Amino acid sequence: LFREQVEGLLEGGVDAFVLETFVDLRQLLLAIDEVRQATRELPVIAELTFGEDLVLADGTTPDRAATALLASDADVVGVNCGVGPQACLDALRGMASVVAPGGPRLSIMPNAGLPQRIEGQFVYAADADYFGRMAPAFIAAGAAIVGGCCGTTPAHIAALRAAVDRPPAERRDPAGTVGVFAGPHGAGRVTEGPADTTTGGAARQAPEPVIPPGAAAAAADDA
């Protein structure tokens with residue numbers, strides 16, 4: 001299954017592979033291997049999705065997962081989706097604890113909190129301002145690539161972009177090398193809704209997001 005997707009994406013001329021939303025470490029390692037059997041030139045971003053308890057379905061913790069991924073041929077390892085920015089940040093910190101300087105880059109692409117279905121609409125509680133306020137913490141934890149997943153909109157990505165564009169001294173990012181990525185699952189309408197104490201934001205009305213052409217070159221996932 002992975003090989004079929006990889007070959008199709010290569011035929012389409014992709015610039016990179018984003019392997020994301022994996023909840024099974026073995027499946028992600030298998031996907032990385034399939035990509036590397038097909039090409040060794042293109043970069044691979046490999047991301048896992050952890051639950052609120054910061055473990056995968058089989059009990060693997062972020063640091064143990066990162067150790068396994070470091071032995072693979074991924075160029076970037078990280079986390080995405082999950083239950084919101086703070087939980088993803090906690091998982092990223094666990095992964096960063098075993099990544100030595102000069103090792104693979106780290107990435108984080110959280111969703112906008114867990115959605116609630118209200119009057120036929122999915123409501124995500126983490127708004128764009130909250131995402132922007134979280135960006136310095138993402139960077140301080142070691143993220144070289146930041147972005148958004150489910151429930152994020154162009155406003156969320158713009159807030160991350162604005163935070164990344166601040167002078168390194170202001171955003172506590174001495175290296176000054178952070179990229180912003182609009183993930184393939186950053187779709188869904190954010191509507192007026194109650195505040196969510198787990199994410200710190202209040203949902204607001206936003207247009208259906210449109211990912212700019214070229215923002216995401218390719219994505220192969222486990223969903």
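The following dialogue explains how several descriptions of this predicted model are reached.

Guide: This is a predicted model, in which local features need pLDDT of at least 70, side-chain atom pairs count only at pLDDT 80 or more, and totals for chains, interfaces and linings use all residues. Residues are numbered from 1 along each chain as its sequence is written, and side-chain values use heavy atoms, with hydrogens and water left out.

Visitor: Why is the pair of F2 and F22 called tilted?

Guide: Rings of Phe, Tyr and Trp (its six-membered ring) pair if their centres lie within 6.5 Å; planes under 30 degrees apart count as stacked, over 60 as edge-to-face and the rest as tilted. The ring centres of F2 and F22 are 6.0 Å apart and the planes meet at 40 degrees, so the pair is tilted. A search of the whole structure finds 1 aromatic pair.

Visitor: What makes this pair a tie between parts of the chain?

Guide: F2 belongs to helix α1 (residues 2–11) and F22 to strand β1 (residues 17–22), so the pair ties together parts that are 20 residues apart in sequence. Helices (H or I, at least four residues) and strands (E, at least two) are DSSP runs, numbered from the N terminus. Both F2 and F22 are buried.

Visitor: How do you know what span to expect of helix α5?

Guide: The expected span of a helix is 1.5 Å times one less than its number of residues. The 13 residues of α5 (residues 128–140) should therefore span 18 Å, and the end C-alpha atoms are 19 Å apart, which agrees.

Visitor: Where does α5 bend?

Guide: The bend, of about 35 degrees, is at M134, and a proline, P136, follows within four residues. The bend at a residue is the angle between axes fitted to the seven residues ending there and the seven starting there. Among the buried residues of α5 are M134, F131 and F138.

Note on methods. Buried < 20%, exposed > 50% of the residue type's maximum accessible area, 1.4 Å probe, protein only.
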